[in-house]
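My notebook is open, and I have a few things to look up. Come along and check each one with me.

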Amino acid sequence: MTLTSLKQQPNETASINWLPAAHLTGAPAGAWRSWLQEKGSLTLRLKSHAQQDFKVSVLSEKVILAPANEVALLGCIKQRAWVREVLLEVDGEPWVFARSVLPLNTQGGLRRRLTQVGNTALGQVLFSDPLIKRGPFVFCAPNQLSTPSLWGRASCFYAKNLRLLVAEHFLHPMAKQLALSGAQ
């Protein structure tokens, strides 16, 4: 799997079946479980495994009508949202595909900070503000993207005038590099 092939694949997320942890069967245990349930900054954890570099590659940033499954997770009415899709790369390999959904009715400086991060990880904004809280995780089984993927997780971040959905899908190069077994 190459970075080029990932960038050329459309990422359809409207059909992802997100499940709370209690309903997820077949999820891996051990090291995989710790990645799926990481409550701190995934960016910092990925960086700790980099031998050379960590990079955020922006695949797209656009305003769309958010799909029903994402609207449900956000707990809002169907509306237009700013959507950012990125690859989180460790040592030149794509380890995580991430999608962030921010309803356009979000107001204030935090919206500007989030929508103007460029090639910076959103986690640097989210985890540096003590007023931003993370909600519970939901999970999805492997291969629900058009690109081959492993397990995925999503959670909403909340603050005054903020509701942001962040979904992260772990990719095969990560599992291979970290020798994570039971990925599928």
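I began with a term: contact means heavy atoms within 4.5 Å. Leaving aside neighbours within four places in sequence, I found Ser-60 in contact with Val-83, Arg-84 and Glu-85.

A note on what I am looking at: this is a predicted model, where local features need pLDDT of at least 70, side-chain atom pairs count only at pLDDT 80 or more, and totals for chains, interfaces and linings use all residues. Residues are numbered from 1 along each chain as its sequence is written, and side-chain values use heavy atoms, with hydrogens and water left out.

Next I placed Ser-60 in strand β2 (residues 54–65). Helices (H or I, at least four residues) and strands (E, at least two) are DSSP runs, numbered from the N terminus.

Is Ser-60 buried or exposed? I noted that Ser-60 counts as buried because its relative accessibility is 18%. Buried means under 20% relative accessible area, exposed over 50%, and partly exposed in between (1.4 Å probe, protein chains only).

Then I turned to strand β7 (residues 152–159): six of its eight residues are buried, so β7 is largely enclosed by the rest of the structure.

Which strands pair with β7? Two strands pair if DSSP finds at least two bridges between them.

- β5 (residues 133–134) pairs with β7 in the antiparallel sense over two bridges, and Arg-134 stands opposite Phe-157.
- β6 (residues 138–140) runs antiparallel to β7, with three bridges joining them; here Cys-140 stands opposite Gly-152.
- β8 (residues 162–170) and β7 pair in the antiparallel sense over eight bridges, and Leu-164 is the bridge partner of Phe-157.

Last, I looked at the hairpin of β7 and β8: two residues lie between the strands, and Asn-161 takes a positive phi near 65°.
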